[in-house]
Amino acid sequence: MRTLLLVFSAVMLALGGLIAPLNAQEPLEKTGELPPLYRAEMALAEGFVSDMMASGVVVPVPADPGGGYTHEQHKRNYRAIYLAGQLYRITGDRAYADYVRDMLLAYAELYPTLGEHPAKANQNVGRLFWQVLNDAVWLVHAVQGYADVRDTLSAADREAIDDRVFRRAAHFLSVESQATFDRIHNHATWATAGVGMTGYLLDDRDMVDRALLGSGKTGNTGFLRQTELLFSPDGYYTEGPYYQRYALMPFMVFADAIARNDPERGIFAHRDGILLKALRTTIQLTYGGYFFPFNDAIRDKSLNTDELYHGVAIAYAETRDPGLLAIADWQGRTILTEDGLLLARDLAAGTPQPFDFRTLLLRDGPEGDRGAVAILRDGKGPDHLALVAKNTSQGMGHGHFDKLSWQLYDNGHEIVRDYGAARFLNVVAKEGGRYLPENESWAKQTVAHNALVVNGMSHFGGDADLADRHAPRQLHFSSVPGLQLSSARIDTAYPDNPVAMQRTLALVDVAGLASPVVIDVLRATGDTANTYDLPLHYAGHIIETGFAVDRELAGRPVLGNSHGYQHIWVDGTARVQGDGAFMTWLLGGRFYSYRMAAQPDLQVILGESGANDPAFNLRREPLVIQRVEGAKETTFVSLLEPHGMSDGATEQTVDSQSLIASLQHRKYNGYDLVIVETKRGGKTVLAISNDTDPDKQHRANIDGRMVRWTGFAERIDLAGEKN
C-alpha cells in the first residue's frame, strides 16, 4: 500500500476516504514544492472555477436532454464543486469553500422539488438529468468536492446539504432507482460509487454496505460483484474499450475510497488485482492514444480523458509502475489529489520508461471463456503496425453484431476501420445527443463491420438478447515474432441456418518484404447453398485495381433493403480471377494493397456508406465486399500489404505498386496453405493445421516439396529453411 507523502501528512487528513484540510496547517500551495504537471493542473482548475464564480451560482430547473442548456449547466456545476473543493484544500482560500457551500445550498433548495426529468426518453429517468446515469455522475463528483469543505460549514448548512442534497440523491439512486442500482452494468458502477462515497463521508454504514453488496446486501449485486462479473481475468470489460474507459473512473475512485476507509478489504488485491489489471488493459486497448472503436464507441475518445487522468494517478500510487508515468506524460494532465501529486513529482524527477504496448490476448467473460480480443503489434512507437482481432462476446446492449471482425492500424492511421457508434454526443440537433436511429440500422449491423455476412442478414438476426447467449471460441493465439496469429470460431451466429465460421488472422513476415503482411483466412461451412459476403471497410483513396470495374456512373444503386445493406451505395462491381484480384489505396503517405485469393465466381463490390440517410447522420466511408453466391461452403483468403511511400512535399513516390506477385490458397488434408510469392522471387507459406494440439506434427506437399510443422500454424520460407 502507498506511503503518504510527507507534505500531505502535514496538510491533509483522510476523512471518510475523502480528503479535507487541517485548518491549523499551512496550505499546500505555500510549501513551494508543487511539481510542474501538478501546478499546470491547478492553473486549469483555477481558470475554470474563476469563470464559474464570476458567473455566480446558477442552478436551473432541469429541462433539457443531453447537450441542452440545463444539462450542460449541471455538468459545469458538479465540475466546479469538485474542483473548487480541491483548490480550497490546496490553497486554503476560503472563497473556494464559500462557493461550494453556496452552490450546494442552492441545490438543497432545488433537489427536494424535483420529480422525473421532463426530457426522459427510453432511458431510466433521472432527476437533475434526463437519465439516471448522469445523476450518478453528478453525485460522484459533487460528494468529493463537498468532502473537501464540509468541515468549514456551520452546523445548520451542513445539515441542510447532508439531508436535502446528498442523502436524497443517494436514496434516489439506491432505493428509487433500485433496478439500475442492482444491475451488472456501468450505470450501476457509477451509482454504487456515488452512494458508497456519500456513505463514507456521512458515516452511514448502511449506505456503504448497500453500495458494496447491493441493495439487499447479499453480495449478488453491488460494487464488489461488478468487479467480478464485468471484467475478464485479464481485465477486459465486456462492453468494450469505450465503456471500459468510462466505467474505470467510478471503479478506481470508489476503490481508492474503500482502500482508505476499509483497508482490511484489500480492494486493490481483490480478484488477483483485477482493477489494476483493468487499468493497464484499458491502455493496451489503444493505438496512438485512441481507443479501438468497436461496439458502441465515440471515435474521438482517447487517453486524454478525465476518467483516465484519475485511473492512471490512482494506479500509479498503488503500483509505482514507471510505464504509467509515460502515459501521464503523454496525457499532460493529472488530478489534484495526493495521488496526482505523487505522480507529478515522480514524473518531474526523471525520464519515464515507455509503456509496454505489446502483443497480447485479452480473454472475455468473468471466467475468460467468452471469446477474446487479440492484439498483434509489430514495431514500437506511435507509427507501429497493430492488428486487432475482435472475437468477443456481444457486450450487452452496447455490443455490435460483428463476430470475428478485425481492424488494422499502421503509420499512425486506422487502415481497416470499425465504424463505432452512430451518435453525436451531446449535440442537441442530433436526437438530443442520444444514439441515432442509424446506430441500430447501420452501425450495429454485421455488414458495417469487417465480418462475414450470410444471405444479407446480420449475426443472430440482429437480436441482442440472443447474441448475448453465444460467444466465439478462441482456438489459438501466437505472439512468435514473424508469425503473430489469432484464430477463433463461432457456429451459432445463424441459428436458423447454421453456418460454422472460423477466422485466422496473422501478421506474417514475407521473405523480401520490409513490413509484415496481414493474412486473413475465413472458412464458412453451411448446410445449404448461401450467399457469403465479406466486407472490408478501409480508409484511403483508391490508386489502382487489378480488375476492371463495371462502374455505376449514371446513378448509385443501393445494395439492399435491410440489415444495413440499405445504407450502402454501389459504386461498381467486378468479377475477379487470378493474380489481378487486388486493389491499392493511399493513406497518410503509404500504399496498401488488398489482395484476394481467386475462387470460382468471386464477385467484388465497391461501395460507400451513406445511402438512405435523410438527416445526414452517417459518415461517408468506402468499403469493398467479396461475394460468393450459391455455395454451401467457401474460404475467403485475403492479404493486406503495406508498401512504399508518397511525399507530396518532396514530390517523391517509392514502390506505389504491390511488391507481391501472387496469392494462392490450397487445401491439403484439411489444412489451409497460403502461398505468397513476391515479385523479387521470395516465396513464403503460412501453413495452418487448424489443430489446437500444440504438440501434434503435421506435413503437407507444396509443389513437390514436403513441409513439416508442429502445432496450429507455422511460417515456412520455401526459398530456404523453415522459420
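The following questions and answers go through a predicted model of one protein chain.

Biologist: What percentage of the residues of the protein chain count as buried?

Modeller: The accessible surface of the protein chain is about 26,200 Å², and carbon and sulfur atoms hold 48% of that surface. Among contacts with a separation of 6 or more, 66% join residues 24 or more positions apart. A residue counts as buried under 20% relative accessible area. Of the 723 residues, the buried part is 61%.

Biologist: Which helix supplies the largest share of the lining of the second largest pocket?

Modeller: The second largest pocket has a volume of about 470 Å³. Its lining has 20 residues, and Trp 330, Phe 355, Phe 357, Gly 381 and Pro 382 lie nearest the centre. Both β3 (286-287) and α14 (322-331) supply at least two lining residues. The largest share, four residues, comes from α14.

Biologist: How many residues in the lining of the second largest pocket are nonpolar?

Modeller: The lining consists of 20 residues. Of these, four are charged and six are polar. The nonpolar residues number 10.

Biologist: Is Trp 442 buried or exposed?

Modeller: Trp 442 lies in helix α16, residues 437-443. Leaving out residues up to four places away in sequence, Trp 442 touches Tyr 419, Val 447, Ala 448, His 537, Gly 564, His 567, Ile 568, Ser 609 and Leu 618. Its relative accessible area is 1%, and the limit for a buried residue is under 20%, so Trp 442 is buried.

Biologist: What distance separates the C-alpha atoms of Trp 442 and Leu 522?

Modeller: Trp 442 and Leu 522 are 80 residues apart along the chain.

Biologist: Which residue 35 positions from Val 175 in sequence does Val 175 touch?

Modeller: Val 175 is in helix α6, residues 155-176. At 38% relative accessibility, Val 175 counts as partly exposed. Beyond four places in sequence, Val 175 touches Ala 170 and Arg 210. The residue 35 positions away, at 9.8 Å from C-alpha to C-alpha, is Arg 210.

Biologist: What is the phi of Arg 320?

Modeller: Most residues other than glycine have a negative phi. Arg 320 is not a glycine, yet its phi is positive. The residue is found in the loop between α13 (306-319) and α14, and at 33% relative accessibility it counts as partly exposed. The phi of Arg 320 is about 60°.

Biologist: Where does Asn 612 lie?

Modeller: Asn 612 is a residue other than glycine with a positive phi, near 50°. The strands on either side of its loop are β20 (603-609) and β21 (622-643). Asn 612 lies in the loop between β20 and β21.

Key
Residues numbered from 1 in each chain as written. Predicted model: local features only at pLDDT ≥ 70, side-chain atom pairs only at ≥ 80, totals over all residues. Heavy atoms only, no water. 1 Å grid on protein atoms, 1.4 Å probe; cavity = no way out; pocket = protein on both sides within 12 Å on 5 of 7 lines; lining within 4 Å. Points joined across faces, edges and corners; volume = space filled by probe spheres on them. Nonpolar A, V, L, I, M, F, W, Y, C, P; charged D, E, K, R; others polar. Buried < 20%, exposed > 50% of the residue type's maximum accessible area, 1.4 Å probe, protein only. Contact = heavy atoms within 4.5 Å. Areas by Shrake-Rupley, 256 points an atom, 1.4 Å probe, with all protein chains shown as cover.
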